[in-house]
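Biologist: Could you put the model up, and then we go through the helix packing and the overall fold?

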Amino acid sequence: MDEKKIALRKFVLENYLFTEDEGALKDDDSFLDNGILDSMGVLELISFLEEELSTSVEGDEVTPDNLDSINKVLAFIETRSH
Amino acid sequence: MCGFAGIFDRAVHGGISPPAELLRDMGHNIRHRGPDDEGIYSEQGFGCVHRRLSIIDLATGQQPMLSQDANLVLVFNGEIFNFVELREQLVTQGYQFTTQSDTEVILHLYQRDGLDFVSHLNGQFAIALWDKRIQQLLLIRDRVGICPLFYTIDQGQLVFGSEVKALKPALSNGLSLSAEALDQIFTFWAPVSPHTIFKNVFEVPPGHMMVVDRSTIKSIQYWEWSYDEDFSQASEEQSIGELHDLLVDATKIRLRSDVPVGVYLSGGLDSSSIVALIHKYGNVPLRTFSLNFDQGNFDEANFQQALVKKLGTEHSNIMVGADDIARAFEDTIYHTEAPILRTAPVPMGLLSGLVKDNNFKVVLTGEGADEVFGGYDIFKEAKVRRFWSRNPNSQWRPLLLKRLYPYLNLPSGNHNVYLKSFFGQALDSPDSVCFSHIPRWTTTAKAKTFFSDDLNSHLRNKAMDVLMESLPSKISSYDAFNRAQYIESKTLMSGYLLNSQGDRMLMKNSVEGRFPFLDHRLIEFASKLHPKTKMKGMNEKYVLKKVMSRYVPDEIIQRSKQPYRAPDVNTGLNTLAGEEFQYYLSDSMLGQSGFFSSGKVAMLQKKAEKGKPLSTSESQALTGILSTQIVYESFVKN
């Protein structure tokens with residue numbers, strides 16, 4: 001999971017915040033409330049999960065409960081792996 | 001249109017006579033505005049240069065034009081469309097004319113009415129009028145800002161010109177960029193008037209005149225785009241009749257020209273209306289020009305062809321792709337003289353090139369109808385958001401937005417959450433002055449992520465504060481729909497659409513644009529209409545559609561509104577993310593200008609190069625950064 005977390009954080013930092021500064025994003029920061037992701041960003045995140053972390057996302061799973069922070073995405077990945 | 005520039009040395013003892021060579025250099029920088037002729041005038045304290053694009057009175061309309069007693073000196077860019085009627089009136093009153101031009105009408109009107117003369121003009125104009133007797137310079141700009149006019153004060157001299165590049169030879173310390181104006185452009189797409197991207201260089205605001213003498217500079221507003229609280233009581237039928245007659249006349253007087261006139265045809269209601277009216281009432285050969293995109297989702301060729309076939313116009317078109325946009329980008333920015341966040345001006349410059357290649361100097365366009373009659377999606381969007389704000393927890397109200405923007409790339413699943421994250425902003429304050437525009441400005445402002453720490457540290461007045469301060473207090477009393485129209489016309493229309501995407505893209509190829517929908521009589525008429533006459537339910541430009549239904553095919557009247565959009569940053573070679581722009585985005589160039597964080601820009605560039613589509617904000621950021629760098633290179637560094 002640590003590897004996935006590192007990859008996910010790197011993806012979000014570089015693709016949406018355009019920084020390598022780890023301090024720019026906390027694991028519980030809301031992507032929507034902080035304006036980190038827009039609708040295109042969510043599509044990109046889903047592609048990343050599917051292509052890089054081998055986690056498929058169904059239509060009804062595209063919700064803030066699953067995809068709105070680093071911790072929420074990691075929890076979602078965890079449920080999909082069971 | 002033409003171009004002019006000049007210097008008023010305000011020194012108490014009369015100042016110097018501006019050297020002819022300097023004036024010639026200033027005019028040379030805007031020779032694209034007037035390739036047909038050059039005229040220079042200089043005396044102690046005042047000098048000006050005029051570059052002429054000959055359209056009316058080809059034989060005797062040269063400028064600068066002097067009054068018969070040589071006390072008045074006039075340079076003028078634009079057209080006075082009612083000059084025929086004004087001339088007749090002046091002749092009846094005993095004024096003698098030596099030319100057939102509209103320029104001479106301005107001189108006599110000023111002699112007759114003083115500063116009030118401008119209220120008689122129906123047209124698009126920038127005027128510099130030197131009154132030698134009282135040592136006073138007037139700088140005047142048309143009501144809505146079709147013709148540009150800039151000025152600065154440099155060591156006691158007032159330096160003015162149609163474009164900022166005309167000012168440059170006369171400036172003792174060159175040009176520098178304003179951090180605050182950049183902040184405004186990266187929010188509203190244009191600086192808040194009278195600011196420009198250049199520090200201490202200002203525009204004469206639309207509808208204003210500057211009265212300059214040796215001790216004072218006064219700015220006088222002679223016209224304002226305003227709305228009545230009491231709406232017209234006319235019946236729908238009466239309104240349709242009145243609008244019809246106004247629109248026919250506004251179009252007919254804009255056909256006055258001693259050279260052939262063409263028309264831009266986009267395939268939408270507005271340009272189709274102008275084409276159809278000229279066909280019916282114009283008594284001139286119909287010559288149409290269109291823009292097509294090789295990306296199908298931007299293209300409107302079917303609708304263009306429908307009208308071309310129906311009216312039998314002689315038609316030319318130009319096909320534009322992302323590669324063409326990339327190739328023309330640098331030259332475009334040289335002419336906009338301002339950063340742009342979307343590539344849309346570039347194809348407009350290519351279209352005016354097509355007009356020039358066909359030996360036309362004048363085109364009519366449908367620009368302005370969306371502002372005057374409330375046609376843009378942003379007006380519908382605000383209406384839906386206001387409706388939603390009355391029940392913010394409604395599940396179905398925000399879904400109306402998805403119907404409004406079918407091309408929105410929403411993820412499957414719970415749309416509402418994502419719609420709310422974008423359109424739900426300011427939902428708790430639907431009566432706030434800028435409610436309609438908050439989502440757009442928030443998206444645009446995301447591009448500021450790339451501002452450098454140094455730039456951020458220089459920002460004293462935030463863009464929103466500057467805008468709010470510029471709005472008239474009576475705006476709060478406007479109906480919400482009219483408020484949105486006002487903000488649109490004050491921010492995007494005059495600063496961007498008529499400027500970066502309008503005048504500059506036309507004049508770079510020495511082509512004059514004319515805009516019947518921006519006839520001030522039409523604007524004043526539409527401002528009195530009840531908002532429901534402009535947008536009935538969700539049917540935009542309702543009253544205009546009613547007028548035009550007898551001239552324009554149903555398929556165009558009934559088509560859903562398609563905003564003009566051009567392909568943005570694309571992937572692959574020859575695009576804004578391509579190799580030819582690496583220079584501007586290099587560490588060293590970003591460091592020299594100092595506006596953007598080179599680390600962040602490098603990551604954005606990497607993302608673009610990977611070939612994945614960029615979001616709207618990212619695409620705007622890349623276009624904005626690149627164009628800012630080009631402005632810096634073209635006007636500050638060199």
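Modeller: In chain B, α25(B) and α26(B) are oblique to each other, where angles under 35 degrees count as roughly parallel, over 145 as roughly antiparallel, 65 to 115 as roughly perpendicular and the rest as oblique. This is a predicted model, in which local features need pLDDT of at least 70 and side-chain atom pairs count only at pLDDT 80 or more, while totals for chains, interfaces and linings use all residues. Residues are numbered from 1 along each chain as its sequence is written, and chains are lettered from A and ligands numbered from 1 in the order in which they are written.

Biologist: At what angle do α25 (residues 598–609) and α26 (residues 616–637) of chain B cross?

Modeller: They cross at roughly 120°, and their axes come within 11 Å; axes are lines fitted to C-alpha atoms, for helices over the stretch in contact, with angles from 0 to 180 degrees between N-to-C directions. The contact involves B:Val601, B:Leu604 and B:Ala608 of α25(B), together with B:Glu618, B:Ala621, B:Leu622 and B:Ile625 of α26(B), two residues being in contact if their C-beta atoms, placed from the backbone, lie within 7 Å.

Biologist: And how do α10 and α18 of chain B pack?

Modeller: Helix α10 (residues 345–357) and helix α18 (residues 480–507) of chain B pack at about 25° with their axes 8 Å apart, and they are therefore roughly parallel to each other. On the α10(B) side, B:Pro345, B:Met348, B:Gly349 and B:Ser352 meet B:Ser500, B:Gln501, B:Met505 and B:Leu506 in α18(B).

Biologist: Changing topic, how many helices and strands are there in chain B?

Modeller: Chain B has 26 helices and 17 strands, which are DSSP runs numbered from the N terminus (helices H or I, at least four residues; strands E, at least two). Its radius of gyration is 24 Å, close to the 26 Å that the globule rule gives for 638 residues, so chain B is as compact as a globular protein of that length; the radius is taken over C-alpha atoms, and the rule is 2.2 Å times the number of residues to the power 0.38.

Biologist: What box do the C-alpha atoms fill?

Modeller: Along the principal axes, the C-alpha atoms of chain B fill a box of roughly 75 × 60 × 45 Å.

Biologist: Last one: is B:Asn77 buried or exposed?

Modeller: B:Asn77, in strand β5 (residues 72–80) of chain B, is buried, because 32 other C-beta atoms lie within 10 Å (buried means 20 or more such atoms within 10 Å, exposed 12 or fewer, and partly exposed in between, with C-beta atoms placed from the backbone).
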